[in-house]
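Open your viewer and get ready to select some residues. We will walk along the chain together, one stop at a time.

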Amino acid sequence: MACHPSGPGSYTVVIIPLRTSLYSLDALRFYLWIKRLKDLEKEKDALCSGLEILEKSRLWYLQRLEENRVKQSIVEAKSRITPSQEGVAEARSCLLRSRIQRVNGSLGSVMSEPNVTSSSIPSLPEAVADSDLRWHNTVLTQVVCDKNRQISMLELEKDALLEQLDELQAH
């Protein structure tokens, strides 16, 4: 890993006595300079932490891709999966897909944010609206997953009832 923070949450504070008053322009410049260095150090630590998470995430995504390829091969090789296996697998897949899309969206928004020093920073209402839309999308995705799960269960029930009906008609 390229970044190694010096310690968890530890920052060095330097106090240098100035020959002038605390309210002098030099004292203020020095304070702002130290504050800026501290903020940059915190940002560096956050970026290093994010990089470490991204490296682990990359490996996780590669493993999921390989598992997906194996599952596709199995499904293509078999002509039919039992309905109970299909419903459970579909529910898990839907939930995982929803979570992955949420993570991808968050990463995309982090990378597409304008430079903090630029003048095109979105206003607070826009940021809140974006956040609300993302939350609403997440909730709707979960509702769709739940409805798909209910549909799968109802289809299983229907199949079982049709089998029972066929058995009763056969007698």
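The tour below goes from a helix to some charged pairs and ends at a surface patch.

Before you click, note that this is a predicted model, in which local features need pLDDT of at least 70, side-chain atom pairs count only at pLDDT 80 or more, and totals for chains, interfaces and linings use all residues. Residues are numbered from 1 along each chain as its sequence is written, and side-chain values use heavy atoms, with hydrogens and water left out.

**Stop 1: helix H1**

Select residues 25–77, which make up helix H1. Helices here are DSSP runs (H or I, at least four residues), numbered from the N terminus. How far apart are the end C-alpha atoms of helix H1? They are 76 Å apart, which agrees with the 78 Å that 53 residues should span at 1.5 Å a residue. That expected span is 1.5 Å times one less than the number of residues.

Now highlight Ala27, Asp45 and Cys48, the buried residues of H1. Buried means under 20% relative accessible area, exposed over 50%, and partly exposed in between (1.4 Å probe, protein chains only).

**Stop 2**

Side chains of opposite charge can pair when their charged atoms come close. A salt bridge is a side-chain nitrogen of Lys or Arg within 4 Å of a carboxyl oxygen of Asp or Glu, and the whole structure has six of them.

Select Lys35 and Asp39, whose side chains meet in a salt bridge at 3.7 Å, N to O. These two are four residues apart in helix H1, so about one helical turn separates them. Lys35 is partly exposed at 40%, and Asp39 is partly exposed at 32%.

Next, pick Glu66 and Arg69, a salt bridge with its closest N and O atoms 3.3 Å apart. Both lie in helix H1, three residues apart, about one turn of the helix.

**Stop 3: a pair in H3**

Move to helix H3, residues 124–170. Which residue forms a salt bridge with Arg149? Asp146 does, with the closest N and O atoms 3.0 Å apart. Arg149 and Asp146 are three residues apart in helix H3, so they too sit about one helical turn from each other.

**Stop 4: the negative patch**

Finally, select Glu90, Glu155, Asp159, Glu163, Asp166 and Glu167, which form a negative surface patch. Patch residues have over 30% relative accessible area and no salt bridge, with like charges joined within 9 Å. Helix H3 gives the most to this patch, five residues. Glu163 is in helix H3 and counts as exposed because its relative accessibility is 51%.

How values were computed:
Patches are made of residues with over 30% relative accessible area and no salt bridge: like charges are joined within 9 Å, nonpolar side chains (Val, Leu, Ile, Met, Phe, Trp, Tyr) within 5 Å. Accessible areas come from the Shrake-Rupley method with a 1.4 Å probe; for residues, only the protein chains shown count as cover. Lys and Arg count as positive and Asp and Glu as negative; His and the chain ends are not counted. The place of a charge is taken as NZ of Lys, CZ of Arg, CG of Asp or CD of Glu.
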